[in-house]
Each structure stands twice: as structure tokens, then as C-alpha cells.
Amino acid sequence: MSTPTTGTTGPAARPRHVLDRLGIPRVLAWGYTGVLLFMIGDGVETSYLSKYLGDDLGFSETGAGAIITVYGVTAAIASFLGAGLLSDRWGPRRVMAAGAAAWVVFHVLMLAVAVPAENYWLVMVTYGLRGFGYPMFAYGFLSWIMAVAPRDHQSKAVGWFWFSYSAGYPIIGSFVFAAATPALGFYRTLWLSLAVVLAGSLVVLLLLRERTGFDGLAPGRDARSELAGTFRILFEKPKLGISLVIRLVNTTPSFGMWVFMPFFVRDLGFGDGEWNTLLVVMMVANLGALLVFGVLGDNWSGRKTCALFGGVLGAVGCLLCYYLPAAAGHAFLPAAVAVAVYGAGLAGYVPLPAMMVAQAPERRGQVMGVYTLGAGLSVAVGPLIGTVTYGSFGFEGLMWIYAGLLSLNAVLCWCVTSPGDGLPGDGAPAEGAVREETGAVASEAPA
């Protein structure tokens, strides 16, 4: 395969193009655009799906949570395979194409067959299998980024990835929902999301020409040994095992909140439009914080950024999401402040991929498999915790559980040294050595 290195280290290797200076590898710009569009389509349902399953299709609150938990299980499997094993063997571009195909096929089956029948098990199966789609598409591209971006700009490159991801899922997706649903209804709006997902897929497949992602990132490795190595590396590099837990906890509260917070604010008198706006506020705060924390991770300390902003600020935000609205009642501003604090804390873990790769740079595919396994598991674990505890402890108890997990994360982050911390014996390569190994951004080659 082509090697994503083209130059020297030092001042001469500084990116010159405006996108490179911002931290976006220029040769991958269309990929960021495609991910944005794909996640807009995927995010249309975010603010209302649990209520649609409960109020419109007649499933219970915990039944809706169970459907989304199954979706999370398949998303976890796809996250692990898509960014690790499959990207190494097929290449990120083929992984993204397979993810797009899975999303489209099972979304159509859900809308054309399962939902009209109002059959709980059919909805669970079709929506669950659709869970293979977005992780393979999005995290396949994340593997592409990690293979191409220079190491000293990886936190910013990953920050822009999460910016594109979160802008679509759920910010712009929620705006699409708010604009389209009054005229079309939620069911027809789900058909609209199909068109947006197809548009994002075509942008990547037709316009993204950077050649590294066209081939397997490590095509010569045996699939079974590579799969076993991904689990073995958790024990060989204990900091990666800790990082898996950190990444799992990172988004566990958000996926649980998106399922159960709509029921909490509904009981306080908030309408669907107000909840939709609160979700947008949460993720707009997240977008701004992503860019700030990406810069902090590159130029200050990745682990301090993760611990203080991802762990501590995130835990405070979780508690505010219950106590501020509960105290103020049906008042939008206190609820908006609460979700904005949580949204900012959610972004605090943006340096984590670079921190993890620095522990084993020669095993990048396995490391990214570990990272995305944690990301995918959170899609299942967040709703699962709520499904098990919501009936007994309500939303207040659920927020305390999530805050406790994020507080644990704040402690765990101190155990994972980030590039540039310069602590002796930490096992991470020195910053200069990392740059020399990675080099500059790959040049674009013709298709």
C-alpha cells in the first residue's frame, strides 16, 4: 500500500494549505463532508425516536430502550470491525461503502415492512441490523484519518472528525426533523433521511480520491491473528485496556440521555420542539468545545484535557441535567444551561485516539479497533443502564450513575500518558520520534 509520508520534520514540514493549518488534512476534505451528510441523515431520528416508538407505535418506555440497546450491540460489533480488522484488510473506503449499504438496506426494510406492521420484533431486528451501518461508515473514515494525518496534528484532525459527526448527529439532523416533521410527519421524515444518507455516501465514493484508504492498511496480516491481537494488546499494553474503559464511558451518558431525557422533560411540560431545541443546544456547545479541546490536546496535555473536561465537567453536566430542570420546572433557560455544560464536557475526550495510538504506533489498526469498540459499546451500554434502572430510580438516579462513571473516568485518564507529557518510562514515544515516524500529510494521487 502507499505510505502516507512525504517529507521531513521540523518547520519545513508545517502544513501550508489553509485546511491543513486548521487541522483538516486537505486530501481528506471530501470525507469530512461525506461524514457530515451521512450523519445528518442518521441523526434525523435522534430527538424523537424513543418517543415515536413509545407514543406512536405503542411500545413501553423500557421496550423502546431495549430496541435501541440492540441497535447499540450491532453498532459495537461494527465499530470494532470497521475501524480495525476490516480497514486493515479491505481499506477504509470499502468499509465505508459496506456501512452505507447496510444502513440503506435495513432502513428501507424497517420503513417498508416493520413500522407499517407495528411489529415490535420486526422493528427490533431491522433497526438493530441497521446499526451496522453508521459505525462502519464513520469509523472507517476515522481510520483513514489516523493513517494519513501527521501525528502532531492528529488531535485537531480527530476534533474536526467529531465536529462533522456531531454537526450531523444530531444538530443539523434535529433541524431537519424540526423543519420537515410538521409538514411530513415523523414517518415520512425518516424516508427523507434516506436521501441524505445516500448523498453523503456518494460524496465519499465519487469525490474522495486520497489513495491510502483504497487499499487495506495492513493487508498482509492474517485476519484471525489480527483479531486475536486486538484483544491481546489490551493485556500487552495495559494503558490501552484502561483507554477502552475511558472511551466506553465517554459517550455512555449521552446515548442514555437521548433515550430517557425526552420522557423526563415531557413530564415537566416541555413539548417535542423544546426538547429538540435542547438537544441542539447540547451539541452546539459540544461542537465549539471539540475544537478548543483538540487544540488543548495537541498543545497542552491530552490526559489533562480528558480528565478535567471530559471527566469532571461531564459529571457536573450530568447532575445539572436533572437538578436544574427539576428545580426550575418548565423553564427553558436553566435546562439549556444544563445541557450546554454536559455537551461541552462530552467533547473533552477528543485527544484520546492520539493518546492511544501513541502507546503502540506500530499496531495502529488494532489500537483503532479498541477505540471504536469502546465507542460502539457505549451505544448499547448507555440505553441498557437506563433500561435496567429507570423504572426503579427514575431520571435522577440514572444521572447519578452516569456522573459516577464519568468521575471514575477522570481518575482513569491520569493513568494514560499523552504524547508530549514527557514522563520517563511511560511507554509513549517522544513527540519528535512520533512526528518522524508519521511524516507529513499524504499527497493526493489521481484515481
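Trainee: Which residues in α5 meet which residues in α7?
Mentor: Keep in mind that this is a predicted model. On the α5 side you have P92, R93, V95, M96, A98, G99, A100, A102 and W103. They meet G133, Y134, M136, F137, G140, F141 and W144 in α7.

Trainee: What's the make-up of that contact by class?
Mentor: Twelve nonpolar, three polar and one charged residues.

Trainee: And the geometry? At what angle do the α5 and α7 axes cross?
Mentor: Roughly 165°, and the axes come within 7 Å. Helix α5 covers residues 92–117.

Trainee: Parallel or antiparallel, then?
Mentor: Angles over 145 degrees count as roughly antiparallel. Therefore α5 and α7 are roughly antiparallel to each other.

Trainee: Left-handed or right-handed crossing?
Mentor: The crossing of α5 and α7 is left-handed.

Trainee: Switching topic. How many cavities of 30 Å³ or more does the structure hold?
Mentor: Four. The largest cavity has about 240 Å³ of space.

Trainee: Which residues lie nearest the centre of that largest cavity?
Mentor: W162, S166, R247, T251 and L346. The lining has 23 residues in total.

Trainee: Which helices each supply at least two residues of that lining?
Mentor: α7 (133–148), α8 (154–207), α10 (238–267), α11 (272–299) and α15 (364–413). The largest share comes from α10, with six residues.

Trainee: Now the second largest cavity. How much space lies in it?
Mentor: About 150 Å³. It is lined by 13 residues, and I68, Y127, Y169, W258 and V259 are the closest to its centre.

Trainee: Which helix gives the most to the lining there?
Mentor: α10, with three residues. At least two residues each come from α3 (49–56), α4 (61–89), α10 and α15.

Trainee: And the classes for the second largest cavity, how many of each?
Mentor: Ten nonpolar, two polar and one charged residues.

Definitions and conventions
Residues are numbered from 1 along each chain as its sequence is written. This is a predicted model: local features need pLDDT of at least 70, side-chain atom pairs count only at pLDDT 80 or more; totals for chains, interfaces and linings use all residues. Side-chain values use heavy atoms; hydrogens and water are left out. On a 1 Å grid over the protein atoms alone, a cavity is a set of points where a 1.4 Å probe fits but cannot get out, and a pocket is an open set with protein on both sides within 12 Å along at least five of seven lines; lining residues have an atom within 4 Å of a point. Grid points are joined across faces, edges and corners, and a volume is the space filled by probe spheres set on the points. Helices (H or I, at least four residues) and strands (E, at least two) are DSSP runs, numbered from the N terminus. Ala, Val, Leu, Ile, Met, Phe, Trp, Tyr, Cys and Pro count as nonpolar, Asp, Glu, Lys and Arg as charged, and the others, Gly among them, as polar. Axes are lines fitted to C-alpha atoms, for helices over the stretch in contact, and angles run from 0 to 180 degrees between N-to-C directions. Angles under 35 degrees count as roughly parallel, over 145 as roughly antiparallel, 65 to 115 as roughly perpendicular and the rest as oblique. A crossing is left-handed if the near helix is turned anticlockwise from the far one by less than a right angle, and right-handed if clockwise. Contact means heavy atoms within 4.5 Å.
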